[in-house]
Amino acid sequence: MTGNRLELTREQILMHRRTVGALDERLPPGPMSLRRAAWAGLQDSMPRAAVLSIHARVHGTGPDTWSDPSLVQLWGPRFSAYLVAAPDLAVFSLGRLPDDLARRRIAEDLARRLHDFLDGRRMTYGDAGRGLGEHPNLLRYAAPTGTVLIRWDGARQPTLWTVPPPDVDPRAARLDLARRYPHVFGPATPAAFAQWAGIGPADGRAAFEALLGSLTPVRTPVGDAWILTVDEPTIRAPGGLAAPARLLPSGDAYFLLHGSDRELLVPDADDRRRLWTPRVWPGAVLVQGEIVGTWRRAQADVTIGSWRRLSRSERQAIESEAASLPLPGIRQQERVRWDD
């Protein structure tokens, strides 16, 4: 301890994130495992990225796992397409409902108009937007009411429909969302939480202040932050064996980071620029608990860009992982190309 803050090393932090993210050992198939894999939501902005994130964490993942009845799709944090466990719909929708009354009224009014217009129908968001006389992208702002679900297969416009609002207090949903952030991404700060959730900085600070009784202050190699107090034993426990290799898709929660959090995960500045590009991010290659490169895919061709010399066994582990990717519509086995 230094002062009143627990000192944490980079190794402790990354091991904790991999452990809670089920990246060191895959979970058995089933709804409980899918919910754990989606504890911080599964970003699905890149076609079928959520399936690949599940595959990195759950045995038996197939190309159609994203349509499992235990999961729902919505415009979640930062209004990106997300896949979440059905029982957690309120967390990822009402948890982001603005505290500001004027902004909340805009969301609720848009949701009401959309519900009345659809009248039980399902419709592409383009047709729904035109029917309401609004730009289709504006419909995303109704999502925090918890009444708008989508289905997007990555190829066409998302289809949307409305559902009854969750019977959950938005403040309780916000606190649940705030608890999940330090558990999965921690150590965390209110500013980082607000940026990830796509809410205002003041809303992020208020959520963390409401959680102070269940947070422990820590010092990390990149600054002061907070962890959930209940996570302290896990963070301080000896590490287990890291998985030989995982291919994480663009937007995966393990590297969905900003600011100094990126420096902790990827210390080298040149490597950070290769991973967090100004436009569409590539996937991340995780080997023995460290990100060692990037990957991209074109049909059955998987191109690996490594940042260091990889051993023969490491290359074999990556190739085996690539061969197991559950890619929809691909009938031939994936081919790995090395760009190093």
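How many bridges join strand E6 to E7? Four bridges join E6 (residues 148-151) to E7, and the two strands run antiparallel. This is a predicted model, in which local features need pLDDT of at least 70, side-chain atom pairs count only at pLDDT 80 or more, and totals for chains, interfaces and linings use all residues. Residues are numbered from 1 along each chain as its sequence is written, and side-chain values use heavy atoms, with hydrogens and water left out.

**Strand pairing**
- Strands (E, at least two residues) and helices (H or I, at least four) are DSSP runs numbered from the N terminus, and two strands pair if DSSP finds at least two bridges between them.
- An open sheet of three strands has the order E1-E8-E9, with mixed pairing.
- Its edge strands, E1 (6-7) and E9 (223-228), each pair on one side only.
- E8 (residues 215-220) runs antiparallel to E9 and is joined to E9 by six bridges; Thr220 stands opposite Gly223 in E9.

**Helix packing**
- H8 (residues 190-197) packs on H9 (residues 201-210) at about 125 degrees, with axes 8 Å apart; axes are lines fitted to C-alpha atoms, for helices over the stretch in contact, and angles run from 0 to 180 degrees between N-to-C directions.
- Pro190, Phe193 and Ala194 in H8 meet Pro201, Gly204, Arg205, Ala207 and Phe208 in H9 (contact means heavy atoms within 4.5 Å).
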